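Dear colleague,

I am handing over the structure below, and after it you will find my notes on what was found. Please read them with the coordinates open beside you.

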Amino acid sequence: MKSKENSEFHKRSKDELNNFIKKLELQALETAEERIPLYLKVGLKDAESILDVGCGSGTVTRDIARLTKGKVVGIDGSEDMIKVARDILKDYKNVELHVGGAESLPFDDNMFDVVTCNLLLMWADNPQQVVNEMARVVKSGGKVLASLEPDYGGKLHFPENPKVDPIFAGKAIKEKGGDPHIGRKLRLLFVRAGLETKIGIGNNRIWSCEENKSYYLHARDFYVKALKDAGVSEKEIDKWEYEYLKSLDEGVQLNFFPQFYAIGRKTEDL
Ligand SMILES: C[S@@+](CC[C@H](N)C(=O)[O-])C[C@H]1O[C@@H](n2cnc3c(N)ncnc32)[C@H](O)[C@@H]1O
């Protein structure tokens with residue numbers, strides 16, 4: 001079995017864990033403009049109980065806790081991540097955290113007004129079972145939200161690099177045990193879970209070259225490691241990085257991939 005970068009199956013070293021947490025923090029910051037409108041759309045403000053599945057280090061759960069007066073429950077399969085989340089969320093009295101698998105949620109049927117997940121389904125072993133579980137624990141009439149599930153098949157960028165591009169267009173994610181095409185599967189997963197479903201794309205803005213550069217520099221270790229793991233030589237990596245940064249400094253690089261979301265409503269008779 002491949003080691004799954006983000007799941008409890010993979011024990012990280014202290015450095016790996018710290019880097020991963022930093023990456024999640026940065027991602028949460030940069031995607032807030034896409035996620036917050038979705039949280040409002042599913043009625044987070046007036047919800048009394050919210051479950052955030054695969055809450056990781058809790059940065060996204062913190063956004064949720066800030067937007068509601070309701071009780072927020074976070075759950076993640078990794079004890080390490082929940083430990084960090086406990087620290088990040090220690091001042092939020094309306095948050096409760098659990099270690100547990102998303103494929104078999106330790107909650108009764110019809111318990112929550114809103115159930116969310118962010119960047120989870122891509123990494124889940126059985127995403128259909130996860131969505132089924134989210135649908136089970138949400139109340140009748142309540143909403144299930146999967147925010148920001150990417151589809152690297154829709155990745156567009158220019159100028160191109162024929163050696164490196166396919167690696168970042170999904171190969172690297174697949175190698176780590178993730179599904180680079182989860183975005184296109186969201187409708188099927190939600191409909192099969194019996195939810196009345198709406199699908200959309202959360203990111204409708206193309207990042208500026210400055211934003212791309214800042215993200216690249218923060219996440220450089222991950223990019224370089226992915227290229228090394230894919231067998232690209234150091235010389236080729238250096239050349240690619242030089243060209244990539246040059247295109248960003250010139251302000252000519254365009255980089256985009258769709259981040260899909262799904263909102264499912266549990267109908268009374270489910
Ligand atoms: C990419 S991280 C996203 C974390 C958080 N939602 C965020 O957006 O910052 C994915 C998280 O899902 C968790 N995860 C993956 N598969 C899981 C499963 N089957 N059950 C519970 N958690 C799972 C991982 O431990 C990891 O913390």
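For the helix packing described next, axes are lines fitted to C-alpha atoms, for helices over the stretch in contact, and angles run from 0 to 180 degrees between N-to-C directions. Please keep in mind throughout that this is a predicted model.

On that basis, helix 1 and helix 2 pack with their axes 9 Å apart and at an angle of about 35°, and their crossing is right-handed. Helix 1 contributes Leu24, Glu25, Ala28, Ala32, Arg35, Ile36 and Tyr39 to the contact, while helix 2 contributes Thr59, Val60, Asp63, Ile64 and Leu67. Sorted by class, this contact of helix 1 with helix 2 holds eight nonpolar, one polar and three charged residues.

Turning to the ligand, there are 23 residues around it, of which Gly54, Gly56, Gly77, Ser78 and Ala102 come nearest. Helix 1 (14-41) and helix 2 (59-67) are the elements that give two or more residues to this shell, and the shell as a whole divides into 10 nonpolar, nine polar and four charged residues.

Gly100 sits in the loop between strand 3 (95-99) and strand 4 (112-118), where, leaving aside residues up to four places away in sequence, Gly100 touches Ile75, Gly77, Leu105 and Pro106. Gly100 counts as partly exposed because it has 16 C-beta neighbours inside 10 Å.

Beyond four places in sequence, Leu121 touches Pro127, Val130, Ala146, Glu149, Ile182 and Leu189.

Asn110, which is found in the loop between strand 3 and strand 4, has a positive phi near 55°, and Leu119, in the loop between strand 4 and helix 4 (127-137), has a positive phi of about 55°. Finally, the peptide bond from Phe158 to Pro159 is cis, with omega near 0°, and Pro159 lies in the loop between strand 6 (156-158) and helix 5 (165-175).

Conventions
Residues numbered from 1 in each chain as written. Predicted model: local features only at pLDDT ≥ 70, side-chain atom pairs only at ≥ 80, totals over all residues. Near = placed C-beta within 6 Å. Helix = DSSP H or I, 4+ residues; strand = E, 2+ residues; numbered from the N terminus. Nonpolar A, V, L, I, M, F, W, Y, C, P; charged D, E, K, R; others polar. Left-handed = near helix turned anticlockwise from the far one by under 90°. Contact = placed C-beta atoms within 7 Å. Buried ≥ 20, exposed ≤ 12 C-beta atoms within 10 Å, placed from the backbone.
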